[in-house]
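Student: I would like a close look at one part of this model, the surroundings of its ligand. Please keep the answer in one piece.

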Amino acid sequence: MEKLSKLVLVLTLLMYPLPLILSGYWERVLASVFMLTSLTYAQNVLLGYTGYPAFGAIAFFGVGGYATAILMIKAGLPFGVALIVGGLVASLLAFAIAPALMRLKSHYFAITTLALQIALAELFANLDITGGAYGINLPIYRGFLGTQIFYHIFLSILLGSFLVNLFIEKSRFGYALKAIREDEIAAESSGVNTVLFKSVAFGIMAFITGLVGGTYAYWITYIDPESMFDPLLSVKMFVALLFGGVGTVAGPFIGAFSLELVSELVWSKFVELHGVVLGVIILLVILLLPGGVLKSRSG
Amino acid sequence: MSLLVAQEIYKSFGGNKVLQGVSLEVSQGETLGIVGPNGSGKTTLINVLSGVIKPDSGVVVFGGRDITHWRPHRRAKLGIGRTYQITRLFANLTAIENVMIPLHYGSRQEASQERIEEILQMVGLSHKKENYASDLSLAQRKRLELARALALNPKLLLLDEVFAGLNPVAVQEIVSLIQELKNKLGITIVIVEHVLKALSQLADRVVVLAEGRLIFEGKYEDMVKDKEVIKAYLGERYGASA
Amino acid sequence: MDTGLQLLIESLLLGGFYSFMAVGFALIWGVLNILNLAYGSYIILGAYLSLFLFRYAGLDPILSIPVSFATGFLFGILVQKLIFNRAMKLEPFMVLIISFGLDVLISNALNLLFKADVRSINVSYGGDSFLLGEVIISKVKLLVFVLSLLLTFALYLFLNRTWTGKAIRAVALDRDGAMLVGINPSQIFLITAGLGTAISFSSGNLYGILQGFTPFDGGLLTVKVFLISILGGLGRIESAVAGGFLLAFIEIFSSFYMGEGWKLFVALAVMVGVLIFRPRGLLGSKYYGEAQ
Ligand SMILES: Nc1ncnc2c1ncn2[C@@H]1O[C@H](COP(=O)(O)OP(=O)(O)OP(=O)(O)O)[C@@H](O)[C@H]1O
Ligand SMILES: [Mg+2]
């Protein structure tokens, strides 16, 4: 394992006991950093290794969140079970639409996933089972870990998604994805079943994204279409990924931590300027650092 | 026995009728050359044979199996390897990785380090094995594509203008390499080529494609004397200068 | 009263405006291959500009259309020079993200300046309507409809009759071919960006008298112009017009028969259908996923 990946792994493990000494504020900040990092790792599977920019991937965040909430409220499932099933629902949906959707490339693919995200938001705003525009209230977690539980779940999803990326970087499976990223037609002629592999990559991305959405739903205890299908979240994870370095194992970690910490610092000091600053950050990151801090070739 | 049979292949792009009923057979162990003016449909024919595009009608049979509706990855696993007129390598992967992928996914062989080295050695790229594909020269890229096709352990190789853009020395080296593949490994080869000298050394038999139809089939020596063929080429030349 | 007829008239009136609003977006997409996610915010910028001129200079939003047009033209050229020219060298989807960043920037800057309150431009003729047979027609909507059609027609003439217009269309169809006949694409890109942005700003004036607006309404407008471009297809003005009317019909009829909340979903569902069965859109001359 290369040095940077090891560092990420060690840092991640070191963060498990941190809540013992952290204030509630920093616990929340870090939980949201872990959330963005996991989302970024999920996108790295798809964009970084497979070459498909799912700009509307937050659709699966919403699906995972709503599925988890509905399973808890309507079916009375415990959170853990609801969360896993929620993630599976998101990834099955992704897997089912992938063969048709992934005939599109680049920004056509990107914008079509964004349309999917908006369509789902609209649909959920109108259905009864999703509580329409009012959304759903979830129960408040009162277990022994208190609010720390969300810190730990997000951190574990982060760890899991990091390991998935590490596996892809090194494995046979990962080479199928990289071949698709480099040249899909050549990948086919080399014996790679591209439709299958890219659909699986899409499904993995959706699974992680769905898990994060489900945890987020339980964390904020109240969800509506606006909070679960927020395009700003989409763009944040892409900027984090592009900043850190697409197609590297450490990039998403570096990108998401820097972006979320910076935006948190700005947020707390100048609440009003936050949006403007975020807009400027997006422009600067892409115009000045289109390749990211880390390069995929070094991996 | 025929390893590959294509029957009555038709293909149009919009109103552009590119293949208009092409039929051909390639025997086991044979090397078939395909020549024809620019735009006559040679690459399209290779694309149909390798599954990259679907014909509008017609049948492709390989080793007795109808593979007309098979996707390229299944044909690759069956033993059909190909190269591209404009190379399509995995640009940001190393030479080793470029060969490893078809070994893993196409040939069902163990992608051992030795096997990869052996293939790279065969095409003369051992010294460049750690280089990224995009950093290779044109001749090296063509060799790497050949290596990638060989990693499939192919029964049939489809080569689309491997010599285009190479200097005479490089051409001669690759000609020898292909002769070796043919003689030592007994691979059946279909080769599209503008470089006629190379073709004369390699092809057992030649077909000429013009405007989507086969207008000649036979020995290389007879082709260069054939009236139809000369007309097709001259016509093209006049057309180009008009 | 015949509800169907009333709805039909409403759709026509709205469709005219939608066509004009979307034509700039489609132009930028078709010629520069940029899906500009900030386009909706450009429209809102135009609306605030005309509100400003109305409040402080007493200029009627209809009369200030030329001001918006000129400002938009310059703004478009500036943004193209500062941002998109550099961005266009990157992967197309990076450009998509950049344009989203621009959207975030513009909408939040407007929010800083004007706060998130709903603003409206209360022109004196705002509330009037008249009866035509059994159909009620709002004067403002009719005015906007007529102006939209006139402006769209003027653009049509520009693209089809002038040398610059023809050059723009040539670049849209075939960049390399256009270069061969001596057209300088980077100049055409600038003009197109300016023109498209000018259209968005001007449609902001019309939007502002049709309804109230806030700094964050741009996102929804971007979705609408995108829908219109997919529904109608790309490559010709007629396509945007067809898409504009189609979206208006879908919205008006589905919100009447199914409820206001469903209209966007229905439009998106129709769009998916179009993508599957008619990927060039109703009248498109260019397949929207063609440049693979
Ligand atoms: N994917 C495609 N879409 C549309 N037209 C195509 C496509 N592929 C090939 N064509 C057209 O089909 C015709 C034949 O092309 P093809 O590449 O098969 O010719 P070729 O014989 O290989 O020519 P060359 O000697 O230049 O390589 C050309 O007119 C080309 O423009
Ligand atoms: Mg060719």
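Which of the 14 residues around ligand 1 come nearest?

Tutor: This is a predicted model, and the description below should be read as such. Gly39(B), Lys42(B), Thr43(B), Thr44(B) and Gln85(B) come nearest, out of the 14 residues around ligand 1. Three of these residues also make polar side-chain contacts with the ligand. In the side chain of Lys42(B), an N or O atom is 2.8 Å from an oxygen atom of ligand 1. For Thr43(B), the corresponding distance from a side-chain N or O atom to a ligand oxygen is 2.7 Å. Thr44(B) places a polar side-chain atom 2.5 Å from an oxygen atom of ligand 1. As for cover, ligand 1 taken alone exposes 630 Å², and the protein buries 62% of that.

The shell can also be sorted by secondary structure. In chain B, strand S2 (16-27) and helix H1 (42-50) each supply at least two residues of the shell around ligand 1. H1(B) gives the largest share, three residues. Sorted by class instead, the shell around ligand 1 consists of nine polar, three nonpolar and two charged residues. Under the convention used here Gly counts as polar, so Gly39(B), one of the nearest residues, falls in the polar class. Lys counts as charged, so Lys42(B), which has the 2.8 Å contact described above, belongs to the charged class.

Note on methods: Residues numbered from 1 in each chain as written. Chains lettered and ligands numbered in written order. Predicted model: local features only at pLDDT ≥ 70, side-chain atom pairs only at ≥ 80, totals over all residues. Heavy atoms only, no water. Near = heavy atom within 4 Å. Polar contact = N/O pair within 3.5 Å; in protein donor to acceptor, adjacent residues only side chain to side chain. Areas by Shrake-Rupley, 256 points an atom, 1.4 Å probe, with all protein chains shown as cover. Helix = DSSP H or I, 4+ residues; strand = E, 2+ residues; numbered from the N terminus.
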